[in-house]
Amino acid sequence: MASIQEQCLSENGNIKGLSKEIRHGRTAQNMSSSSLRKKSDLKLISRVRYGLVRLLLTNLQEVILGTKLSVLFPAIAFAIVADCYGFGKPWIFALSLLGLIPLAERVSFLTEQIAYYTGPTVGGLLNATCGNATELIIALLALWEMKIEVVKYSLLGSILSNLLLVLGSSLFCGGITNMGTEQNFDRKQADVNILLLILALLCHVLPLLFRFARASATLMAVPTLQLSRASSIVMLIAYGAYIFFQLVTHRQIFGAEEEEEDNDDVTEDTPVIGFWSGIVWLVVMTAFVALLSEYVVRTIEEASDSWGLSVSFISIILLPIVGNAAEHTGAVIFAFKNKLDITLGVALGSATQIELFVVPSCVIVAWIIGIDMDLAFNLVETGTLSLSIIAVAFTLQDGTSHYLKGLALFLCYVVIGACFFVTIVPPRQTNPVNSRIMPEAGISSA
């Protein structure tokens with residue numbers, strides 16, 4: 001066992017820099033996903049005589065079988081076979097969703113392994129970039145197919161899922177476990193995330209207000225698209241400042257809970273695979289995420305028609321639940337253990353990352369490839385996002401939690417899900433000729 005770990009470390013040619021300080025490069029998302037990992041038994045593999053074969057088997061054991069979600073890996077192969085042999089597109093869609101569950105957890109695992117070698121700053125940047133790789137890839141592929149509404153729906157769904165479903169179910173489960181007392185958490189991290197979410201919300205509300213104001217002659221020429229692009233640049237600047245704040249100047253706010261986990265089984269002091277092995281596996285896993293995401297984007301309309309569900313419901317409710325299942329489960333587990341700081345880091349951190357990084361990145365990429373995408377959601381979508389952020393802000397304002405707060409947030413998510421479940425209006429038509437979203441369509445569909 002020890003020789004295999006030494007071989008993995010020597011693969012990078014440098015064993016230095018593996019102190020506990022490196023753990024600051026880990027995010028709450030990484031710690032959440034680590035709760036679903038299994039400790040590998042390498043006794044049999046250590047007896048293999050040939051070093052290269054032993055290293056390959058070790059990597060397969062750690063990457064493929066080192067998670068409790070490994071039973072879902074066959075869904076990836078089934079989805080590929082179903083697509084190659086022309087099976088029904090709803091089947092391809094469902095299998096692709098199942099296959100994305102373990103892939104998302106493995107991407108988090110691999111970025112954490114690479115972070116052991118790169119140091120806390122670079123590792124933190126890598127985690128911040130790849131933390132929501134699945135959502136980003138699905139959004140970019142949908143954007144390439146000019147399905148702008150799918151892009152907006154899926155990203156909005158990820159934000160709502162983190163704020164209401166993940167946080168609500170975690171606080172509820174943690175409150176039930178600790179029925180007799182209130183759970184406490186550090187408000188500093190939550191206050192930072194809530195402030196940034198309000199900033200992002202402002203960037204969504206203003207374009208929507210301009211839609212309504214276009215009825216006025218004095219504001220007829222207000223460039224909503226240009227406002228969205230400028231706001232996207234501002235959001236990316238804010239996200240860069242947030243990463244600098246998190247990794248450099250105020251690291252203690254985001255790393256305090258992690259420092260208390262020295263004896264926790266979830267936290268590891270050494271990597272289990274080498275640096276270059278981690279890079280190769282990360283590329284492979286990302287390629288499979290891109291492939292299955294392409295299946296999801298291509299078959300979502302057929303699945304909607306076959307299942308009798310609107311595209312908005314599938315994109316806002318089903319995609320985030322399935323795509324982030326591993327991360328969400330980990331957040332609930334830490335709430336059970338009365339470690340709400342990690343839970344808040346998962347829920348609020350992911351929502352902030354999507355709002356300030358993924359959403360504006362899609363707008364900028366659309367700008368580059370000549371597709372007109374703005375930040376304006378419909379009235380219903382913007383209203384649900386606004387009320388969700390307000391509800392979370394009020395829930396976390398006193399630094400304590402109990403099961404009733406979690407139940408209230410969860411029920412808010414149920415009501416929002418019911419709202420989009422009864423929505424039968426198809427997405428607005430977008431094409432390269434007239435890809436700007438018409439204000440009349442946005443108002444009427446709301």
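Mentor: Begin with burial: a residue is buried under 20% relative accessible area, exposed over 50%, and partly exposed in between, with a 1.4 Å probe and protein chains only. Cys173 counts as buried because its relative accessibility is 18%. Cys203 is buried too, with a relative accessible area of 7%.

Trainee: What should I know about the model itself?

Mentor: This is a predicted model, in which local features need pLDDT of at least 70, side-chain atom pairs count only at pLDDT 80 or more, and totals for chains, interfaces and linings use all residues. Residues are numbered from 1 along each chain as its sequence is written, and side-chain values use heavy atoms, with hydrogens and water left out.

Trainee: How many disulfides are there in the whole structure?

Mentor: A disulfide is a pair of cysteine sulfur atoms within 2.5 Å. The search of the whole structure finds zero.

Trainee: How is the chain built up, in helices and strands?

Mentor: Helices (H or I, at least four residues) and strands (E, at least two) are DSSP runs, numbered from the N terminus. The protein has 18 helices and two strands. Of its 446 residues, 57% are buried. A contact means heavy atoms within 4.5 Å. Among contacts with a separation of 6 or more, 84% join residues 24 or more positions apart.

Trainee: Which residues have the most contacts inside the largest nonpolar core?

Mentor: A nonpolar core is a set of buried Ala, Val, Leu, Ile, Met, Phe, Trp, Tyr and Cys residues joined through side-chain atoms within 4.5 Å. The largest has 104 residues, and Leu163, Leu167 and Val392 have the most contacts inside it. Leaving aside neighbours within four places in sequence, the contacts of Leu163 include Leu197, Leu348, Ile389 and Val392.

Trainee: How do I read empty space inside a protein?

Mentor: Rolling a probe the size of a water molecule over the atoms shows where empty space is left. On a 1 Å grid over the protein atoms alone, a cavity is a set of points where a 1.4 Å probe fits but cannot get out, and lining residues have an atom within 4 Å of a point. Grid points are joined across faces, edges and corners, and a volume is the space filled by probe spheres set on the points. Here the search finds three cavities of 30 Å³ or more.

Trainee: Which helices each supply at least two residues of the lining of the second largest cavity?

Mentor: They are helix 5 (89–118), helix 7 (133–144), helix 8 (148–177) and helix 13 (311–323). The lining includes Leu97, Glu135, Ser154 and Leu319.

Trainee: Is helix 13 mostly covered or mostly open?

Mentor: Mostly covered: eleven of its 13 residues are buried. Leu319, which lines the second largest cavity, is one of the buried residues of helix 13. The cover includes helix 5, helix 8, helix 12 (275–307), helix 14 (325–336) and helix 17 (403–421).

Trainee: Where is Met146 found?

Mentor: Met146 is in the loop between helix 7 and helix 8. Met146 has a positive phi of about 60° although it is not a glycine. With a relative accessible area of 27%, Met146 is partly exposed. Asn338, in the loop between helix 14 and helix 15 (340–368), also has a positive phi, near 65°. Asn338 counts as partly exposed at 41% relative accessibility.

How values were computed
1 Å grid on protein atoms, 1.4 Å probe; cavity = no way out; pocket = protein on both sides within 12 Å on 5 of 7 lines; lining within 4 Å.
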